[in-house]
Amino acid sequence: MREKGLWYKEWRGIRWMVPCVLLAFLLAFMVGFVNEANSWKENNAHYHSAEFLESQKVDADFAMTDKEIKDDLTVRYLAYETKLAHEDQYTYFFLGFTVGVPFTLTLIFSVVFGACLVILERYTRGDHFTALLPYSKRAIFGVKVLLGVIVITVGYFVSLGLGLLYFTKHVPAEFIDFDLQKLWMDILGSWLAYLILFLVPIVAGYFSGTALGGILLTIGAFLLPSVVLQFSMNVHQHLYDGKTGQLSYWSDYFRVFEPFGFVRPAYVPLVLQVVILCGLVLIGLWAVVRESLETNGRLFVYPKMRVWMLVIGSSIVGMLVANMIQTFAKLSDSLGFLLFIAIFIVIMGICVWNGARFIFGKRL
């Protein structure tokens, strides 16, 4: 891993992607916090405007108190607002940079960045050239991972640091009261989430001999947690009269792929992210040693994967369709629950049937 030639070779393969990743982070965080500071100033100006003061006098029963106004201008959370301690407490200032297009681009580019290192290399037959190099497979994998981790870490922390610095300089200190535990959870959890987004397509690329297979494995891995969470919530709401109960407490464990996605200020989801990150590295090291050029062109590198991927992929599609129908049709009562489960089973069965015919090449 210390060979300069290997680092140079991997750098040349992604040098066109690095500026895109860094620019996306800069737009999402630096520009995002600049816009948030301007939005805060507009809100502050509104509360001091003559129109607002006049409306406070006209409708005294619904007039906002000084505490409510201060809470509305106070910045406490970077992303989701946790459950408020008191029912009469007013909501805090909402930072909306996580719902913007630049923030979405950081997610997309992190995934594409990882895909370029393995999946795109296989598609362009660059792996044939890599196989001729006098470097071990583990060293090649290690350089790919380290190079991506460095780029994402620098882009994330530099842009986030600049954005927070600008924001705190333009918003008075009396209105900045971050929940420190939630703040560190958001910062570290988002960094780990970006690294996971980067590593998943790399590992998926070693489990499929085609670019299409690697892309499908990557999409399936990202869809699985959110689809299972939504499906579980729908089932729970049917069984318990529309109440989510403790499922909302466990939802953070399904948000490990989502930067700034944690709702509660708890550290256990961070530990789960670290475990997933280490697991991806170990699985990648295991797979890269067994990977060979002879597997190029195969949908799945290992034959035993076909059955597992067929069942998991069909389940994802079945839950996804059932969730969509539940969202639009608003199924309720016992009949609606039975219909919801029936839709899942039917769609899953259709996918298994057609997938088996495609993968195994048999007319069933």
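The model is predicted, and local features are reported at pLDDT of at least 70 and side-chain atom pairs at pLDDT 80 or more, whereas totals for chains, interfaces and linings use all residues. Residues are numbered from 1 along each chain as its sequence is written, and side-chain values use heavy atoms, with hydrogens and water left out.

The secondary structure of the protein chain consists of 13 helices and zero strands, where helices (H or I, at least four residues) and strands (E, at least two) are DSSP runs numbered from the N terminus. Of the 364 residues in the chain, 45% are buried, a term that stands for under 20% relative accessible area, with exposed over 50% and partly exposed in between (1.4 Å probe, protein chains only). Among contacts (heavy atoms within 4.5 Å) between residues at least 6 apart in sequence, 78% join residues at least 24 apart.

Two packed helices are described by the angle between their axes and the distance between the axes. For helix 9 (residues 211-239) and helix 12 (residues 305-329), the axes come within 8 Å and cross at roughly 50 degrees; axes are lines fitted to C-alpha atoms, for helices over the stretch in contact, and angles run from 0 to 180 degrees between N-to-C directions. Helix 9 and helix 12 are therefore oblique to each other, given that angles under 35 degrees count as roughly parallel, over 145 as roughly antiparallel, 65 to 115 as roughly perpendicular and the rest as oblique. The contact involves, among others, Leu-217, Leu-224 and Phe-231 of helix 9 and Met-309, Ile-316 and Asn-323 of helix 12. Its residues divide into 12 nonpolar, six polar and no charged, with Ala, Val, Leu, Ile, Met, Phe, Trp, Tyr, Cys and Pro counted as nonpolar, Asp, Glu, Lys and Arg as charged, and the others, Gly among them, as polar.

Within helix 12, the buried residues include Met-305, Leu-310, Ser-314, Gly-318 and Gln-326, and the buried residues of this helix pack against helix 8 (180-207), helix 9 and helix 13 (333-360). Just after helix 12, Lys-330 takes a positive phi of about 55 degrees.

Asp-179, in the loop between helix 7 (137-170) and helix 8, is buried, with a relative accessible area of 16%. When residues up to four places away in sequence are not counted, Asp-179 touches Arg-76 and Tyr-77, and the C-alpha atoms of Asp-179 and Leu-78, 101 residues apart along the chain, are separated by 9.2 Å.
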